[in-house]
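Thank you for making the time this morning.

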Amino acid sequence: MFGSPRGHHDANKISSPTQEVVHICPSISTIASSSDRVNALYSPFRPRPLNPESFDLKLKFWTKALDEWVTFSERLTFTLKEVQKGMMIAQKTPACLEDVLEFCAKDGSIVSTKEFYDTLSASISWVAWGQVNAKRLVGKVIPSLPAAPWTYFTRGKTPPEQRYVHVGHLKDLVDTLSKSAPLRNRLLSLDTFTALVTSQTGISDPGELSILLDYLRARKLIEVDKVGKEDVVIFGDSLKISDVDKGRYDVKRSIEIHEERLEEVHVQMEEAVMRAKDALKQGRRAKAKYELKKKKMLEARADKLLSVVDSLTVIGMRLDEAESDAQILQAYQSGKQALADVLKKNNLTVDAVTEAMLDVQEVLEESGEVSAAISQPLDGGQTDDLEELDAELDALLKEDAEKEAEKRKGEATEGDDSFLMKRLVGLKVREDEDGFGDAGVDGDENVSSRDADISSEM
């Protein structure tokens, strides 16, 4: 079967019919169990005019298998020998791979390392890859491809040690890195950055990492600088490394270094105490005193380191606060400028507003006068007559109101029993000559006699 030249993905190994352990590559694994298919696909290319469809399908199979192999093997570069070894099945290597690599080189999907660096040195963008390789492009594998000699490969064979860069896989790796939050827009040491790149892409070979970083730098996707003696890199949208960024990184890195040293000192202190105890058990008091003295010296060093860490932490916090204050001040200034622009654009000044308010007041007064003029009667000199008519109407209303009040008062008293009793009590009989008398109302002095008479009559 076939094995990876780098030994990755051991968990994905399978066994061939010959019990040889191989690494899975999707396209190759589908044919590994069929000796007929292996023999057909691993044989050299036959002249295309004999069977164009079979020729194109076989070439398509191997270009896809090459793409899968570099991805699966976590490779960015390769040679013909490495691919042949990686795709070996039952001690059989593909005899057609040399032609496949020639085709891919002409198609532009792979480039030699020399051409790769020549392209980078010329600062050609990704689009230019197609332009550079277009001169060498022969054609795509399509059914309508016209007949040609037995192959359209140049028969000047590339040396087996020629190293190629897989352009498509390189682009995929860059897309993967561009989506990585831990990498983007952060000032990192070069060692930290390469470690993160390895964890994200699986690329660990120093030469391949160098190719990837050189490509990122040529594409202006990363910026490399120095902080002190340490190389730093930033990857993302904003590639400008300011002095503030360097200062913040230097403080942060210094804190990390001093904290590591402080941890080492604490470990040394514990070890000194252990040695002192061992010396006491052995009766070596001088040795124990020496170890305790060393412990005290380490304590003094630890206190100094802790003081440095505290001071650097304060500086780091002040840097963050200063940056925050600067952002707030910038927001204030932007708001002030925006407000000033609005006032200027709309001519909002004290004089303009005052003048406008006076104009409004004048217009309101004029409007009031217009309303008053509109409400004037149109009957000329009949204003006095109207006043007399209004007074007469008021008198009529008053007269009707008085009559209505008297009517209500009469209705209320005539039907009242207490009123009748009072009228009866006020009656007095006056006798006349014929023995009859007139009833009349007497004064209060006759109330008692009237009451007696009424009582006797009843």
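This is a predicted model: local features need pLDDT of at least 70, side-chain atom pairs count only at pLDDT 80 or more; totals for chains, interfaces and linings use all residues.

**Helix packing and a nonpolar patch**

Helix H8 covers residues 167-178 and helix H9 covers residues 190-201, and their axes come within 10 Å, crossing at roughly 110°. That angle falls in the range of 65 to 115 degrees that counts as roughly perpendicular, and the crossing of H8 and H9 is right-handed.

Now to the other pair, helix H6, residues 113-121, and helix H10, residues 206-218, whose axes are 10 Å apart and which pack at an angle of about 25°. Because angles under 35 degrees count as roughly parallel, H6 is described as roughly parallel to H10. The crossing of H6 and H10 is left-handed.

Which residues make the nonpolar surface patch of about 440 Å²? The patch is made by Leu-339, Leu-343, Leu-348, Val-353 and Met-357, and the elements giving two or more residues to it are helix H12, which spans 285-345, and helix H13, which spans 350-374.

Is Met-357 buried or exposed? Its relative accessibility is 54%, and because the cut-off for exposed is over 50%, Met-357 counts as exposed.

How values were computed: Residues are numbered from 1 along each chain as its sequence is written. Side-chain values use heavy atoms; hydrogens and water are left out. Patches are made of residues with over 30% relative accessible area and no salt bridge: like charges are joined within 9 Å, nonpolar side chains (Val, Leu, Ile, Met, Phe, Trp, Tyr) within 5 Å. Accessible areas come from the Shrake-Rupley method with a 1.4 Å probe; for residues, only the protein chains shown count as cover. A salt bridge is a side-chain nitrogen of Lys or Arg within 4 Å of a carboxyl oxygen of Asp or Glu. Helices (H or I, at least four residues) and strands (E, at least two) are DSSP runs, numbered from the N terminus. Buried means under 20% relative accessible area, exposed over 50%, partly exposed in between (1.4 Å probe, protein chains only). Axes are lines fitted to C-alpha atoms, for helices over the stretch in contact, and angles run from 0 to 180 degrees between N-to-C directions. A crossing is left-handed if the near helix is turned anticlockwise from the far one by less than a right angle, and right-handed if clockwise. Angles under 35 degrees count as roughly parallel, over 145 as roughly antiparallel, 65 to 115 as roughly perpendicular and the rest as oblique.
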